[in-house]
Amino acid sequence: MKDLPTRPAARILAVALAIPVVLLVLASLPWLPERAPVPPRVVATARGAGPLRAGVAEVRFALPPGAPIGGFARLSYRSEGVPGPVGARALVLEEPGCKVALVSLEILLVPEALEAEVASRLSDLGLSGVVVAATHTHAGPGGYVRNFVFERIGTGPYDPRVREAIVSAAVEAVQQAAGALVPARLATVRSAADDLARSRSGGLEDAPLTVVRVVHADGRPLAELTVFAAHATLLGQRNRVISGDWPGRFVQGGTHGVRVFFQGAIGDQSTEGPSAGSPRGFANVLSWRVDALPFVAPDAAPPLAYAAVEVGLPTNAVGGAPPLFRAAARNLAARAFPGTARVEAIRLGRVLLVAVPAEPVSAVAATWRTTLPTGSAVVSLANGYLGYVEEASRMANGRGETRLTYYGPDLAATLGAAVQAAAEAADRARVTALPPR
């Protein structure tokens with residue numbers, strides 16, 4: 001018969017077992033009060049009064065050797081091989097009274113601090129607004145987020161050299177675009193590409209396709225902005241080569257000027273179709289679909305407006321945390337995620353883009369669009385990151401993308417109110433000042 005533990009050893013064992021329990025209890029105490037609802041507040045508006053001028057530019061990231069690869073949680077974030085041509089693309093549109101920059105970065109997500117730094121470095125350009133959004137490639141450069149949570153679940157260890165490379169490319173792209181403004185005309189079209197995307201969690205099947213084409217005054221192609229939603233994950237977690245995945249291939253194609261790509265309501269959307277297993281194949285199919293769209297005659301003085309709204313966010317609630325650890329996770333998440341967010345609306349002719357710092361599922365975005373003007377499109381992953389936005393009814397049962405949410409079931413309605421407020425502010429904005437030429 002084995003000897004029973006001695007009394008001192010038993011005490012040590014009891015203390016060792018008790019410590020995690022005590023720490024969990026302490027971490028689960030209601031240290032933080034519930035956030036009171038804060039309604040949306042308009043913080044900026046601008047409206048142009050034709051004629052339109054536009055400029056576009058693309059700048060590659062000057063990544064340091066051995067830059068980490070982001071996109072998936074990994075044991076090692078080390079990249080291999082020669083990085084693909086990932087970078088920043090910027091479209092600047094200006095009319096007297098309004099000047100906006102639309103920036104697409106080939107990275108996983110755009111932290112609020114990164115966007116703020118980009119905007120700060122562009123303060124001398126007289127921009128009414130800057131929208132910086134991610135293509136959401138899961139093979140892009142990592143290491144640019146200084147956040148304990150994100151460094152471990154998607155972007156890898158922080159490297160200031162990578163962050164500077166991304167910020168510098170974004171700033172240079174906008175500067176080049178703003179320095180190359182020429183008289184231009186703009187045309188828009190909205191269609192659907194339901195056969196190219198699917199809901200990976202059994203949600204609404206809805207894949208809007210929005211395209212804005214900008215041409216020189218004489219009709220020559222200048223730029224093309226596309227909004228479409230499907231996760232850029234075709235290269236998979238085993239891939240170690242930095243790449244733009246299928247959006248990277250898509251922006252390199254086309255015959256209508258420099259392509260700029262924004263993700264739509266991407267929360268539950270994955271690629272679909274016979275070419276969905278190949279980044280190049282899927283990019284080609286989407287490119288053909290865009291090239292075939294019928295456009296009306298471009299407008300030399302289209303409506304151009306911008307509005308920004310700030311809104312208070314609900315109390316944190318980490319959807320992926322087990323019930324026993326939810327209170328502790330909430331306390332920890334309060335330090336990792338912001339308490340306010342900014343939503344922006346940009347009127348481009350007949351199209352209204354509404355940019356949110358999150359990943360709304362298709363059904364949530366469809367609900368938001370019922371309160372918006374015809375021709376509205378939701379842009380995800382812009383100027384911050386709040387995680388996924390799932391329907392409250394599905395979250396009640398832990399379904400859909402609940403495990404990837406950070407703010408609980410009230411986030412959809414909270415952001416929805418801000419989306420509506422931003423859209424209304426953009427379309428109510430008046431010309432208040434004419435910037436110097």
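## The largest cavity

Strand E8 (208-216), strand E9 (221-228), helix H8 (362-369) and strand E16 (376-379) each give at least two residues to the lining of the largest cavity. The model is a predicted one. A search of the whole structure turns up one cavity of 30 Å³ or more. The space inside the largest cavity comes to about 120 Å³.

The largest cavity is lined by 17 residues. Closest to its centre are Pro-208, Gly-264, Ala-265, Arg-369 and Val-378. Sorted by class, the lining holds nine nonpolar, five polar and three charged residues.

## Helices H5 and H6

Helix H5 covers residues 245-252, and helix H6 covers residues 279-291. Their axes come within 8 Å and cross at roughly 45°. The crossing of H5 and H6 is right-handed.

On the H5 side, the contact is made by Asp-245, Trp-246, Arg-249 and Phe-250. H6 brings Pro-279, Arg-280, Phe-282, Ala-283, Leu-286, Ser-287 and Val-290. By class, the contact of H5 with H6 counts seven nonpolar residues, one polar residue and three charged residues. Ser-287 is one of the H6 residues in this contact.

## Helices H2 and H4

Helix H2 (residues 112-121) and helix H4 (residues 160-178) have axes that come within 9 Å. The crossing angle is roughly 45°, and H2 and H4 are therefore oblique to each other. The crossing of H2 with H4 is right-handed.

From H2, the contact uses Ala-113, Leu-114, Glu-117, Val-118 and Arg-121. From H4 come Arg-163, Glu-164, Ile-166, Val-167, Ser-168, Ala-170, Val-171 and Gln-175. The class count for the contact of H2 with H4 is seven nonpolar, two polar and four charged residues.

## Backbone details in two loops

Gly-50 and Pro-51 are joined by a cis peptide bond. Its omega is about 0°. Pro-51 sits in the loop between strand E1 (41-47) and strand E2 (53-60).

Leu-381 has a phi near 60°. That value is positive, in a residue other than glycine. Leu-381 lies in the loop between E16 and strand E17 (388-389). Strand E16 is also one of the elements that supply at least two residues to the lining of the largest cavity.

Terms used. Residues numbered from 1 in each chain as written. Predicted model: local features only at pLDDT ≥ 70, side-chain atom pairs only at ≥ 80, totals over all residues. Heavy atoms only, no water. Axes fitted to C-alpha atoms, helices over the stretch in contact; angles between N-to-C directions. Helix = DSSP H or I, 4+ residues; strand = E, 2+ residues; numbered from the N terminus. Left-handed = near helix turned anticlockwise from the far one by under 90°. Contact = heavy atoms within 4.5 Å. Nonpolar A, V, L, I, M, F, W, Y, C, P; charged D, E, K, R; others polar. Parallel < 35°, antiparallel > 145°, perpendicular 65-115°, else oblique. 1 Å grid on protein atoms, 1.4 Å probe; cavity = no way out; pocket = protein on both sides within 12 Å on 5 of 7 lines; lining within 4 Å. Points joined across faces, edges and corners; volume = space filled by probe spheres on them.
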